[in-house]
Amino acid sequence: MKVAVEILTGTLFYIEVGNDATVADLKKEIGAQQKLPQDRLILFLDNKQTRLISEDQGDGATLVDCGVRDGSHIYLFFDPVDLDESSDHSWPHYSCLEQASLSNRGQKGEGI
């Protein structure tokens, strides 16, 4: 199965995995192809519900069980790096969805 993966920056690329591939397999392929840390990848399936892939079943679930089909469009987000207690917390920290919203507003020329 071949799926389209889109990063928040607008970068679109394609990943091909077997029909019995798991979420973990897809993350591994994305990590290898794009040189990204696969343990920080968050995947959302673009379908009528736009839902988190593996939210209920975990990374061991097959892509088919998560609703992914050949030609599916997947949005790629990143889990933020954990900051230890001694870090400077003056820098604003946003969830992945808040980051996407801020990024989209900035691309449309709207103020943040």
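Over the face of which residue does Lys-2 lie? Lys-2 is placed over the face of Tyr-14, at 5.2 Å from the ring centre; a charge counts as over a ring if NZ of Lys or CZ of Arg is within 6 Å of the ring centre and within 35 degrees of the ring normal.

This is a predicted model, in which local features need pLDDT of at least 70 and side-chain atom pairs count only at pLDDT 80 or more, while totals for chains, interfaces and linings use all residues. Residues are numbered from 1 along each chain as its sequence is written, and side-chain values use heavy atoms, with hydrogens and water left out.

The structure holds one aromatic pair, where pairing requires ring centres within 6.5 Å, and planes under 30 degrees apart count as stacked, over 60 as edge-to-face and the rest as tilted. Phe-44 and Phe-77 form this edge-to-face pair, 5.1 Å centre to centre with 75° between the planes.

Relative accessible areas follow; buried means under 20%, exposed over 50%, and partly exposed in between (1.4 Å probe, protein chains only).

| Residue | Relative accessible area | Class |
|---|---|---|
| Phe-44 | 16% | buried |
| Phe-77 | 8% | buried |
| Lys-35 | 71% | exposed |

Lys-35 has a phi near 60°, a positive value in a residue other than glycine.

Terms used: Rings of Phe, Tyr and Trp (its six-membered ring) pair if their centres lie within 6.5 Å; planes under 30 degrees apart count as stacked, over 60 as edge-to-face and the rest as tilted.
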